[in-house]
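Subject: Handing over the structure, with notes on what was found

Dear colleague,

My notes follow below it.

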Amino acid sequence: MIGRLDQIFVLLKHWLLGYLPESWQTPVGVIISVACIVGLYPALFAVTTVLERKGVGRIQNRLGPNRVGPYGILQPMADGIKSLTKEDIVPTSADAVVHFLAPIILVVTVFMGFAVLPMGRNMVLVDMDAGLLFYFAMGASTELSVFMAGWSSRNKYSLLGAMRAVAQMISYEVALLLSSVVVVMMSGSLSLVKIVEAQNHYSYGLPHWFIFTPWGCAAFIMYAIAGTAETNRSPFDLPEGESELVAGYHTEYSGFKFALFFLGEYVAMFSISALGSTLFLGGWMAPVSWLQVVPSWIWFFGKLFVSMCVFIWLRGTLPRLRQDQLMNFAWKFVLPMCLLNLFVAGLWRFMGEGWLRWVVCSAILILAYVSIGREGMRRKKFGPRNYRYAE
Amino acid sequence: MGFVFYLISAFAVGGALAAVLLKNLVHAALALTVAFLGLAVLFLRLDAQFAGFAQILVYVGAVAILVVFAILLTKGSEVPKEGVFSKTWLAGLAIAAAVFAVLAWAIVQAAPSLPNQAEVPAVTVNDIGNALMSRYVLPLEIIAVLLTAALLGAVIVAMHEKERAKQ
Amino acid sequence: MTTTPLAAYLIVAALIFAVGLAGALTRRNAIMVLIGIELMLNAANLNLIAFWRYGPHPELLNGMMFAIFSIAVAAAEAAVGLGLVISIYRHAKTSDLEQMNRMKG
């Protein structure tokens with residue numbers, strides 16, 4: 001019974017496919033899975049927009065949208081109708097073909113990343129041998145669409161926003177890749193299904209998630225920072241900061257194309273959170289061994305929901321980083337810590353079981369954080385402030 | 001030869017032609033990206049998944065963006081007055097055509113005796129990793145040194161000269 | 001389903017190589033020359049992978065390794081080349097190769 005609830009989508013798909021002749025089963029099976037993904041994540045996006053606006057509103061001591069439905073939950077419908085019926089303005093001097101293709105390429109590459117994520121036990125669209133590499137290849141292609149959007153608008157602010165966004169995305173992409181490589185090194189495979197399998201043990205009721213190891217914890221923190229920067233989310237949202245650059249690289253987009261950019265950004269957030277939970281938080285595993293009665297896909301989406309809440313919390317709480325602070329942080333702190341983390345993970349592997357490796361690895365990482373992070377990043381000496389009052 | 005192969009090759013070759021012929025440099029860079037994608041799909045058809053995805057990650061994700069940044073930083077978006085092709089374009093075209101003619105003749109001559117193993121090689125990423133660490137460890141280390149040297153060299157070459165401006 | 005013969009992949013690689021060569025030899029802008037060079041390197045990679053797949057002993061991974069190292073070297077060379085182009089533009093205020101025909105700086 002419990003196993004059936006866990007595998008309910010897989011069983012449903014097999015039952016539907018049983019009605020078809022042999023040669024049709026694989027293509028139609030793929031189409032069904034793709035349709036589910038393409039239908040589910042925009043629905044989650046709609047729910048997340050309301051959650052974000054209410055959440056950020058409450059953090060800022062105001063109500064969010066509360067007119068459209070009870071507590072404003074039908075707000076996405078109003079937003080959808082608005083963006084579909086708004087006039088699609090393309091500037092005359094804009095490059096029409098590139099302007100049209102940019103949001104399409106963004107949405108296509110962002111959705112392609114979901115093909116390798118395991119959303120439950122046996123619920124992965126394609127179990128690729130080089131799954132993580134495929135995911136990062138798709139992620140690298142989103143930068144090109146950001147640049148295309150900014151350049152084709154023939155607008156100084158858009159171009160500036162696009163250049164900043166691409167520089168930021170490239171810098172943090174290196175950090176993202178290096179913090180994922182630690183997980184690949186310790187689990188021995190690039191396939192995401194095998195990475196979840198490598199975490200699928202429980203000892204004394206607690207799971208063997210990679211976040212519960214020193215190198216995994218450090219890698220997760222850096223992955224989270226790099227993921228927030230990759231999707232241009234606060235506190236790294238200078239490229240689209242409303243008070244700075246009008247709207248950055250999507251200034252000249254209106255109507256449905258803007259909705260596509262918005263969709264692309266949120267689905268990219270889902271994608272990166274899902275990969276983070278697969279790599280570090282055990283994907284579809286339950287947190288304690290006796291909670292395995294709850295189906296695996298509920299745990300996957302639960303972790304996704306928690307990650308979304310953390311993103312929204314960060315947006316409401318932290319101030320925006322300046323471009324040079326952001327790049328400084330990426331290249332001078334996150335990258336050396338990621339490289340050191342690789343070394344520490346190797347040390348962990350070869351030191352053998354026991355308490356010694358915990359102490360040594362944690363000591364190295366904490367020492368590195370204190371020396372590189374707190375001392376190395378401190379550039380100005382802050383003395384006591386003197387205030388000048390207007391007379 | 002199936003329709004799919006022709007389609008993908010058309011993308012790759014068409015993208016390459018557009019990259020070389022277009023006047024607008026940014027359009028040419030984007031056509032180059034299409035050519036890279038077409039080549040990556042050809043790699044995937046040849047059962048080289050690692051090489052195909054690495055091609056997308058490195059070329060589309062990094063080299064194409066580098067090219068576009070360089071075009072923007074050198075104000076390449078303005079079309080030059082005397083046209084985009086050099087004065088000796090005919091000689092260049094003739095040389096390229098001659099090279100292609102020689103290569104095509106060699107391939108067509110050798111076509112019957114080319115190896116044609118049909119079964120898919122069972123190569124996993126694990127095998128590639130093992131090979132990189134055992135048989136190819138020296139090239140791997142040399143590539144690491146080369147990339148470090150290229151990184152430092154590119155930064156030094158492209159850096160602003162701050163000292164001269166003050167004097 | 002008949003498989004594509006090796007000669008077809010080699011012809012495609014030769015075509016892309018010739019197109020890249022034509023681009024590197026005929027365009028005025030320095031960046032277009034670099035684009036041509038990248039196309040030539042890619043065509044050589046396609047050649048390597050095609051021979052790896054259809055040749056004897058693909059499990060030795062010779063062709064695939066060669067192609068992967070070639071991708072890495074090409075990326076490094078593109079970075080340095082474009083850095084050079086940017087530096088020359090800063091000095092000569094142009095990236096037109098027809099105008100850079102003297103050694104005097």
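Throughout these notes, two residues are said to be in contact if their C-beta atoms, placed from the backbone, lie within 7 Å. By that rule two pairs of chains touch, and the pair with the most contacts is chains B and C. Chain A and chain C, on the other hand, do not touch, and their nearest C-alpha atoms are 14 Å apart.

Please keep in mind that this is a predicted model, in which local features need pLDDT of at least 70 and side-chain atom pairs count only at pLDDT 80 or more, while totals for chains, interfaces and linings use all residues. Residues are numbered from 1 along each chain as its sequence is written, and chains are lettered from A and ligands numbered from 1 in the order in which they are written.

Chain A

Chain A has 14 helices and two strands, where helices (H or I, at least four residues) and strands (E, at least two) are DSSP runs, numbered from the N terminus. The mean pLDDT of chain A, pLDDT being the predictor's confidence in each residue from 0 to 100, is 88, and 96% of its residues reach 70 or more. Among the elements of chain A, the lowest mean pLDDT, 56, belongs to helix H10 (residues 242-245), and the highest, 93, to helix H9 (residues 214-230).

The radius of gyration is taken over C-alpha atoms, and the globule rule used with it is 2.2 Å times the number of residues to the power 0.38. For the 391 residues of chain A, a compact globule would have a radius near 21 Å, and the 23 Å of chain A agrees with this. Along the principal axes, the C-alpha atoms of chain A fill a box of roughly 70 × 60 × 40 Å. Of the contacts in chain A with a separation of 6 or more, 76% are between residues 24 or more positions apart.

A residue is buried if 20 or more other C-beta atoms lie within 10 Å of its own, exposed if 12 or fewer, and partly exposed in between, with C-beta atoms placed from the backbone; 40% of the residues of chain A count as buried.

Chain B

Chain B has seven helices and zero strands. Its radius of gyration is 21 Å, well over the 15 Å that the globule rule gives for 167 residues, so chain B is more spread out than a compact globule. The C-alpha trace of chain B spans about 65 × 45 × 25 Å along its principal axes, and 32% of its residues count as buried.

Where chain B meets chain A, 16 residues of chain B are in contact with 16 residues of chain A. Helix H2 (25-45) and helix H3 (49-73) of chain B each supply at least two residues of this side of chain B, and H3(B) gives the most, with 11 residues.

Chains B and C

In the other pair, 64 residues of chain C are in contact with 71 residues of chain B. Helix H1 (6-26), helix H2 (30-54) and helix H3 (62-92) of chain C each supply at least two residues of the side that touches chain B, and the largest share, 20 residues, comes from H3(C).

With best wishes
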